[in-house]
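Dear colleague,

My notes on it follow directly after.

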Amino acid sequence: MLIGHQPKDFLLAVSGLTVSFDGFKAVNDLSFYVEENEIRVIIGPNGAGKTTVLDLICGKTRATSGSIQFRGKELTKLKENEIVKAGVGRKFQTPSVFEDLTVFENLEISFPRGRTVFGSLTFQRDTTVTGRVEEVAEMIFLKDRLQTSAAELSHGQKQWLEIGMLLIQNPDLLMLDEPVAGMSVSERAKTAELLNRIIKDRSVLVIEHDMKFVEDIAHKVTVLHQGQILSEGTMERVKNDPKVIEVYLGH
Amino acid sequence: MITNSRFFNRSELVGLISLVLLLVVILPLTLDIFRLNLVAKYLTYAFVAIGLVLCWGYGGILSLGQGVFFGLGGYAMAMFLKLEASSAANTKIQSTPGIPDFMDWNQLTQLPFFWKPFHSLPFTFLAIVLAPAFFSFIIGAAMFKRRVGGVYFAIITQAIAAILTILIVGQQGYTGGINGITDLRTLLDWDIRTDHAKYVLYFVEVAFLFGAVVVAQFIRLTKLGRILVAMREQEDRVRFSGYSVANFKIFAFCAAAVFAAIGGAMFTLNVGFMSPSFVGIVPSIEMVIYTAVGGRLSIFGAVYGTLLVNFAKTSLSETFPQLWLFGLGALFIAVVLAFPSGLAGIWADNIQPRIDRLFASRGEKSGNGLIADGAPAE
């Protein structure tokens, strides 16, 4: 195991993380480390605490104890928007985009400038912004839909739009919760391609059930079970771990 | 690329021009001063309604306590006017001359400290804007930082409206109690009770109203306006895009409060008194109804909605005084059930397409036929 390493070598160092909801420990003394430019996939049965781990890192849920160090910053003490500013981006399981706004406006809101009240009052839509929005829109296959209202997009396109909104934030750590759930086969392939392109220069933490997709992208896999790590390592190693086969892959 | 390259798009421009014609030309020419003064009174609520468009329509924050801010602005103005009306010469029959009459009736022998700054008109103007801004900031910070929202926020604002009413009524010696602050006479020695003054004040108010329309439109078109919409839909997504959702909600709530307070100050000037019956729960809810009827996403709709409901209220309550409140309730239910986007929605769905066709076939000639009946516009 990696315990004992200097946490400073890692982009993200989670140690002894515990959260309890009315005595039920959804995440129990969890420790793991993510390196720079690593793609880490978290898998595990339902209720294993996968989404809770992401919630804890991005500040949506407050930890009962333990620490989350990101580039030496303690995230457990920061507010959600401060965690975003520190460089952590989060995509939710169900696509959460702003349906009453256009694709362009969705991406523009995520552009990291003018995030205060008065900053947003004086925000100007200059060529830097439009250029970046168009660049990202091209990446997420929505270049010709910029003026479409987000409500009119398909499920898969909404997922891409939300990924695009994260890209425009340019986070150092990107967290994706089931990015291909509910997607068609062709959309899934396109998403894998998209993810492979956007992971350059950043670390990615992904929750996913689709094992083929996991195999395609993962550098390293962490298997969670009942809020604790059951197994960790390369996909090859995890797949052949008898404990993992028993609680998760065997079904 | 840029969707809102013009400050007002064509349908908004139609709304703006028809509103200018209606308020500046048609109503002053067709109504006598008594009726025009009633319109001035209605329009004071339009300020509140415009604020609610930003706060409720765009930001999704339903405040059932806008009467509080309307009252703060109105009372600040009334305190200045009352002090001017209570000169030693005017009040020499009192046992303590020089203080407002209701204080004398309540055995006060000197002016309370918080009344003293209201001798100054610049201070009063500052207070009209800053007092509600400060008060709404406190309420907003206390609620939104703790993530209190939705129905709970609405109930708390309603409670605050009730508390403030009770306070005003209870502290008769300081506030004039249930009667409010009455018998206001002059503004810097200019008699505000004459017909001429009422005309002037009407046009001053209309000018301020268009100022409010422009400011609201400006806010709506900035990125902040889009963030308000985004927040209403997906609060978490906004939060995890790096924004402090609470700060944006506080801003929207404060902006609505300041709009309401300016309306309140205008009310005092045009109507000539201020009382707790414009502060409490019932007026606060009525103000929400005006916005809902006009269309809570439309700045112009809010003005038309306010005018329409108030005209209906005046004419109905003159004829059927008992039935008015039932009528108002039925109207609100009907709007919510059948026309959730209010008059502006009806306009956008049914009338706007016809105008577009008219423009397309006849070029840029005119839209004159729409104006006279107070046509709602988006």
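What percentage of the 251 residues of chain A count as buried? The figure is 45%. Please bear in mind that this is a predicted model.

Chain A as a whole

Chain A contains 10 helices and 10 strands. The C-alpha trace of this chain spans about 55 × 40 × 35 Å along its principal axes. A compact globule of 251 residues would have a radius of gyration near 18 Å, and chain A, with 18 Å, therefore agrees with that expectation. Among contacts in chain A between residues at least 6 apart in sequence, 67% join residues at least 24 apart.

A helix pair in chain A

Helix H5 (residues 127-139) and helix H6 (residues 155-169) of chain A have axes that come within 10 Å and cross at roughly 135 degrees. H5(A) and H6(A) are therefore oblique to each other, and their crossing is right-handed. On the H5(A) side, the contact is made by Arg132(A), Val136(A), Ala137(A) and Met139(A); H6(A) contributes Gly164(A), Leu167(A) and Ile168(A). By class, this contact has 5 nonpolar, 1 polar and 1 charged residues.

The interface between the chains

In the contact between the two chains, 23 residues of chain B meet 27 residues of chain A. On the chain B side, helices H9 (223-233), H10 (235-239) and H11 (245-271) each supply at least two residues. H9(B) gives the most, with 7 residues. The side of chain B that touches chain A divides into 10 nonpolar, 7 polar and 6 charged residues.

Yours sincerely

Note on methods
Residues numbered from 1 in each chain as written. Chains lettered and ligands numbered in written order. Predicted model: local features only at pLDDT ≥ 70, side-chain atom pairs only at ≥ 80, totals over all residues. Contact = placed C-beta atoms within 7 Å. Helix = DSSP H or I, 4+ residues; strand = E, 2+ residues; numbered from the N terminus. Nonpolar A, V, L, I, M, F, W, Y, C, P; charged D, E, K, R; others polar. Axes fitted to C-alpha atoms, helices over the stretch in contact; angles between N-to-C directions. Parallel < 35°, antiparallel > 145°, perpendicular 65-115°, else oblique. Left-handed = near helix turned anticlockwise from the far one by under 90°. Rg over C-alpha atoms; globule rule 2.2 N^0.38 Å. Buried ≥ 20, exposed ≤ 12 C-beta atoms within 10 Å, placed from the backbone.
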